[in-house]
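Good morning. I will talk about charged pairs and a few backbone angles. Please look at the model first.

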Amino acid sequence: MSEVNVDGPFPIPVSREDQETWIKAVLATEGVNLPRGALENIAPFIVDPNDTLSEADARGVRTLKASSIRRIRTDAGDMVVAVVRMHGVGGVQWGHNERISSIWRSVADPTVGRETEKTLTSVRPWMGVDDDGRKKCFAALESVVANRRMLIMNAEDAADELKRRDRVRPYDLEEDLVLNGQQDPGMYVPQQVRIEENPERDSDGNPLYPDAYWGWMAVRGNNRTQKRQSIFRLTSSEVLAGVPAEKLEREGDEIICDPRDWLPEFSAVLNREFAETGYGELDPTNGSRARRAAAIAVVDAHLVIGTPTPQRLYRIVQMNNRRDHVHPPLEFDALDRSRALGRSVLGMYVAQQVMDEKTAEVLSGLAPIRELSGVSADMTVSELRDLRSMRLLQELFPVDPRKRHLLRRALSENPPSQLKSGEINQRARTWSALTSESYPAPWNPRVGQVFSTRAREGIVLSGRRLPDLLTAADTDDDAFDELVSYRAAHWLASFGIIEADRGSLDGQEAIGDAGERIRRSRRTVMNCLQALRHEKSRMMAVGVLRSLAAAMDDGDRRPWRVSSSGKEMVGREMTPLWFDSEFPKDTGTRPRKTVPSAPPLLTTAAVSASPPSPTLPALSPMTPTPSLVTSAPVQPTAAPPAPAVSAQSETPATDETDEADNPVPSPEEPLTLEKLVTRVEERIRSLHAASAEVGELLGHLADQSRAASVAQPIGRHQADRTVRLLNQTLSRLRRLPELMEEMTEPV
């Protein structure tokens, strides 16, 4: 072990000579190719670095021990990791953590660039000069920010958002660290942040701060890093950009940036606090900081120090962490989980050489759309967004067998021929979540769930440019269907005109033209698209699509309403209530179909001998009514063959009533609204009584069968028919509360 005199649990950095010895040994290790500056930044935090080194070889060269190295393989590439013991205050929270990616405006949005927007600059490979004077990539990352203030704000924003996301954890992570220490190592990757603006200068003309900062970003263990530093009462921005003198018990307002200078003083302060205070209670508010931090004074850490493909380092480290989080129960929310899944797919495509790096960067949201191949200078905002979204769609629903196989690996799917609707919807959410990066604000990724299982065969687009589709949509059915199928949902969602069905029986509220709160009918995204497709609304639907595209091109202003002929009504904003009024909800009712008669349900003397009872509504003759509420089934229906439905027009079952539930009104008995309401209530009461009676009959049947020593009084085929009919009945009954709620006055 290194000889360091430490009077307390918090380690003092080893001498600079020992730090230099460790740095040289790391750089001499096979497979290591990171910059020296990154190692100089982390060296003060390494505890007992000499224990990680081998003995000198015949040439006097020391390297890392085999036990201190891990070689990790991911679907995006390989990397070399050093296993070390690190001071607990080390590491930096990463703004590029995918779990909080949705809080930033993406550079994939063509409108990004205003100073008030919260954006993260792209991460790229760190370029440097090797020993032979050649410029090449190293195993590190770099980014550029405008000034030091922006660097600090990004770190603090990431910390604040992680605190909010951590509230879903079923336990208090900070208190667990205080009591039990850190059980699992975090993983850290070196990144240099460069400052564009000239740093501030003192009275002598010397810069007050560096023009670049090295930090070791938490790829795995962001929350643990934040909570550890919270216990130490430091922040990631201070570890990265400098610690105020007052936190080192110095006079003045100086900022000490080099960890070789501030870390020895900080540990000394902690050790004094530890010696001056007793254990007592580890109170989260009043307890001694040093006592609370003792269990995390030193933690295990994995440092990324090399990769044979440094140009892909960002994807490699993200891929290593991603799988643990995109599958429950860990803390990605639906939007960030879907984006992370999509980036996994794109990263695998790059690693397997079926996609170039630049295309993957743009589709992942890491580079501007104008860097995508095929982009021309005359493309508007709406067309740029459309180009990226359609490329994403075809990559997530590919025709190429090679990509299908890779997609299956990345998403852990069934074979293509056995893909289920849940897996199709997962891809659709992924497409929708990544598409939303090109817009000012994300939407619920369930908006994209508009495909049937036929999408498993892949989606092929016409390849026509967006302006051409919009121009031809009046008369070209293929152009119109392509716009509605693949563009309309996202465009409407981006302006808040529609949203994903929340599954609530309560209507969704909206604000009317006069400012009043109005309750909207629940409807699915697919129902909205079907309303746009209605032939009588074709011209207006095309006008809506053109109005939405124009609004995007005009700075994402509110879109204007359109007339029945499709002409924009300038100055009158499009609203959710207007859309519901002009493109009303389709109830999906269908004509009544002929129902074959069914055989008797039960044929046993025990039933016929039971006491007399009211006639079951399902078996009694009933005057048909035009009520929207389904009646009890008369007989079991034969399931008709499923009609051929395109991937773009499959209607969810929740938006249509049963096929046999729209009886024709009788000419002999015209029913008023009051009579219909009364009839509904009567039928429901009769159904309630009949359900109780069936239970009693089954009880009598069981008693008498035991008395007659008949173990199974019901035949197998009879039971199958009856249970099938009962299940069909239950399925219909589940829809009745929703239908009732839609026609019920609000509370």
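Let us start with Ser412. At 42% relative accessibility, Ser412 counts as partly exposed; buried means under 20% relative accessible area, exposed over 50%, and partly exposed in between, with a 1.4 Å probe and protein chains only. Ser412 sits in the loop between α13 (401-411) and α14 (421-435). Helices here are DSSP runs of H or I with at least four residues, strands are runs of E with at least two, and both are numbered from the N terminus. The phi of Ser412 is near 55°, a positive value in a residue other than glycine. Most residues other than glycine have a negative phi.

Before going on, two notes on the source. This is a predicted model, where local features need pLDDT of at least 70 and side-chain atom pairs count only at pLDDT 80 or more, while totals for chains, interfaces and linings use all residues. Residues are numbered from 1 along each chain as its sequence is written, and side-chain values use heavy atoms, with hydrogens and water left out.

Gln353 also has a positive phi, near 60°. Gln353 lies in the loop between α10 (334-351) and α11, and counts as exposed at 73% relative accessibility.

Now the charged pairs. How many salt bridges does the structure hold? There are 40 salt bridges, each being a side-chain nitrogen of Lys or Arg within 4 Å of a carboxyl oxygen of Asp or Glu. Side chains of opposite charge can pair when their charged atoms come close.

Take Glu174 and Arg292, which form a salt bridge with the closest N and O atoms 3.5 Å apart. Glu174 is in helix α4 (residues 173-180) and Arg292 in helix α8 (residues 289-293), so this pair ties together parts that are 118 residues apart in sequence. Are these two buried or exposed? Glu174 counts as buried at 17% relative accessibility, and Arg292 counts as buried at 4%.

Next, Asp474 and Arg546 meet in a salt bridge at 3.1 Å, N to O. Asp474 lies in the loop between α15 (466-472) and α16 (477-494), and Arg546 in helix α18 (residues 538-553), so the pair ties together parts 72 residues apart in sequence. Asp474 is partly exposed, at 26%, and Arg546 is partly exposed, at 30%.

Last, some salt bridges join into a network, which links Arg339, Arg343, Arg388 and Glu437.

That is all from me.
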